[in-house]
Amino acid sequence: MANPPTRSLVKILFNNFINSFKPRQLKGNLVGEDYFGNKYYEIPANSSAGQRRERWFEPTEKEAYNQEVTAEWEAWLRGRRKEPPTEQELMRNLAIMKMKEKNAAELEAKYGKPKDVAELPKNPTGMGSFPQYEEYEIMPGKKKHEK
């Protein structure tokens, strides 16, 4: 009868120690690009070296801090989806978004804003923005109309 292989703790520790000196992948693999021009990269996980998967994107404008990222790519970046979005999926969702914008513009042109909305006062600020009731004091010891 053959003896089953045994796992030596010293051997496992030694192998992990040697693997820790192996060079790590620093440059990511280009995974895809969206219609804004952002490029998405990934470094796959290497569990034998104890390294996690890394995902990031490079925006088209390096100094712009308000970059837009599509919902599909954001889900991939955050790890909510395993596979990156396909070009067909991105184009289909972009077409749906454009159709909704067009329909909203048509409805706005057809119905416009109600006249009552334009006559409403702007949001006041300060003490006047809070509701005031006749039975309550505004200043301690004084009624609403007393100053």
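Two rings of Phe, Tyr or Trp are taken as a pair if their centres lie within 6.5 Å. In this predicted model, a search of the whole structure finds 5 aromatic pairs. A pair of aromatic rings is described by the distance of the centres and the angle of the planes.

Tyr-35 and Phe-36 form a tilted pair, with centres 4.9 Å apart and planes at 55°. Tyr-35 is partly exposed, at 30% relative accessibility. Phe-36 is also partly exposed, with a relative accessible area of 33%.

Tyr-41 and Trp-56 form a stacked pair. Their ring centres are 5.9 Å apart, and the angle between the planes is 20°. The pair counts as stacked because planes under 30 degrees apart are given that name. Tyr-41 lies in strand β2 (residues 39–43), and Trp-56 lies in strand β3 (residues 54–58). The pair therefore ties together parts that are 15 residues apart in sequence. Tyr-41 is buried, at 14% relative accessibility. Trp-56 is partly exposed, at 27%. One aromatic cluster is formed by Tyr-40, Phe-57, Trp-73 and Trp-76.

Helix α3 covers residues 87–111, which makes 25 residues. At 1.5 Å a residue, the helix should span 36 Å. Its end C-alpha atoms are 36 Å apart, so the two values agree. The buried residues of α3 are Glu-89, Leu-90 and Leu-94. Among the elements that cover these buried residues are β1 (29–33) and α2 (71–77). Gly-112 follows α3 and has a positive phi, near 65°.

Conventions. Residues numbered from 1 in each chain as written. Predicted model: local features only at pLDDT ≥ 70, side-chain atom pairs only at ≥ 80, totals over all residues. Heavy atoms only, no water. Phe/Tyr/Trp six-rings, centres within 6.5 Å; stacked < 30°, edge-to-face > 60°. Buried < 20%, exposed > 50% of the residue type's maximum accessible area, 1.4 Å probe, protein only. Helix = DSSP H or I, 4+ residues; strand = E, 2+ residues; numbered from the N terminus. Expected span 1.5 Å × (residues − 1). Contact = heavy atoms within 4.5 Å.
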